Amino acid sequence: MKRILLMVIRNLLFVPYGWIKLCYYASHVDRYTVEQRYALLKYIVRRANKGGRIRIDVHGMENIPEEDGFIFYPNHQGLYDVLAIIEGCPKPLSVVMKKEVQNIPFLKQVFACMKAYAIDRDDVKQSMKVIIQVSQEVAQGRNFLIFAEGTRSKNENQLLEFKGGSFKAAMKVKCPIVPVALVDSYKSFDTNSIKPLTVQVHFLEPLVYEEYKDMKSVDIAAEVKGRIENTIKRYT
């Protein structure tokens with residue numbers, strides 16, 4: 001967590017202003033457009049990254065669908081992942097998170113601005129409600145981010161198994177599935193180093209409905225995981 005302290009110290013004059021504005025936006029989300037809220041998040045994240053000596057190296061921007069209404073599926077390395085993708089992605093997005101992280105200060109306000117959903121992995125009924133709600137909002141043109149591993153991998157750039165159920169929302173609405181490969185994201189918050197760091201964000205070629213319509217959810221999960229693994233191996 002040393003890097004978080006570095007982010008704060010090197011943005012000492014900005015932190016009170018940024019925190020107050022973020023909290024205000026989070027408490028009054030309906031007063032601002034999706035674009036306004038996302039612009040604020042990107043600005044705060046860029047300031048934090050600069051202070052924390054983190055550079056985001058983005059690849060594959062051309063693979064982000066031009067038309068809204070799609071779902072990102074990245075590998076999950078830690079609490080920093082969402083922040084890396086926010087800086088790298090020009091299109092507003094929301095996220096499905098596990099309920100255990102929804103009240104962590106700063107992330108709580110970020111998630112509120114994104115109108116994110118918390119999922120209880122031990123409550124199948126609640127999880128299904130979230131999947132249905134997300135699919136409905138994707139159909140209306142919102143973009144989401146779902147971590148198919150369900151929890152972060154604690155083995156650096158190695159992946160856990162991708163859960164087939166994570167792809168039900170995409171299958172239900174027949175939207176593009178965009179794999180995202182994160183490289184070295186875990187080094188941001190999960191190590192004690194404050195050395196300059198580059199986190200890679202690779203937006204991979206999306207799977208469109210015509211490609212996965214005859215596949216089972218577990219097969220889609222395996223395909224997405226395979227694409228991400230191959231990218232990580234290529235860049236590490």
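Analyst: Here we go, starting with a pocket. Helix α2 supplies the largest share of the lining of the second largest pocket, four residues. Helices here are DSSP runs of H or I with at least four residues, strands are E runs of at least two, and both are numbered from the N terminus. A pocket is an open set of points on a 1 Å grid over the protein atoms alone, where a 1.4 Å probe fits, with protein on both sides within 12 Å along at least five of seven lines; lining residues have an atom within 4 Å of a point.

User: Before we go on, what kind of model is this?

Analyst: This is a predicted model, where local features need pLDDT of at least 70 and side-chain atom pairs count only at pLDDT 80 or more, while totals for chains, interfaces and linings use all residues. Residues are numbered from 1 along each chain as its sequence is written, and side-chain values use heavy atoms, with hydrogens and water left out.

User: OK, back to that pocket. What is the volume of the second largest pocket?

Analyst: About 470 Å³, where a volume is the space filled by probe spheres set on grid points joined across faces, edges and corners. Its lining has 20 residues, and I4, M7, V8, A48 and F106 lie nearest the centre. Helices α1 (2-9), α2 (15-27) and α3 (34-51) each give at least two residues to that lining.

User: How does the lining of the second largest pocket divide by class?

Analyst: Into 17 nonpolar, two polar and one charged. Nonpolar covers Ala, Val, Leu, Ile, Met, Phe, Trp, Tyr, Cys and Pro; charged covers Asp, Glu, Lys and Arg; the others, Gly among them, are polar.

User: And the largest pocket, which residues lie nearest its centre?

Analyst: V96, I119, R121, F147 and G150, out of 29 lining residues. The elements giving two or more residues to the lining of the largest pocket are β3, α5 (107-114) and α6. Helix α6 gives the most, six residues. The space in the largest pocket is about 610 Å³, and its lining has 17 nonpolar, six polar and six charged residues.

User: Switching topic: what order do the strands of the sheet come in?

Analyst: Seven strands make an open sheet with mixed pairing, in the order β1-β7-β6-β2-β5-β3-β4. Strands count as paired if DSSP finds at least two bridges between them. β1 (54-59) and β4 (117-119) are at the edges with a single partner strand each, so one side of each has no neighbour in the sheet. On average, neighbouring strands of this sheet are turned by 25 degrees against each other, direction ignored. Helix α6 packs on the sheet, touching β2, β3 (94-98), β4 and β5, and its direction makes about 150 degrees with that of β4. Those angles run from 0 to 180 degrees between N-to-C directions, with axes fitted to C-alpha atoms, for helices over the stretch in contact.

User: Which strands does β2 pair with?

Analyst: β2 runs parallel to β5 (residues 144-146), joined by two bridges, and parallel to β6 (residues 177-183), joined by four. F72 has L145 as its bridge partner in β5. Over in β6, I71 stands opposite I177 and P74 is partnered by V180.

User: Is β6 buried or exposed?

Analyst: Seven of the seven residues of β6 are buried, so β6 is largely enclosed by the rest of the structure. Buried means under 20% relative accessible area, exposed over 50% and partly exposed in between, with a 1.4 Å probe and protein chains only. β6 also pairs with β7 (residues 197-203), antiparallel over four bridges, with V183 opposite Q200.

Conventions:
Contact = heavy atoms within 4.5 Å.
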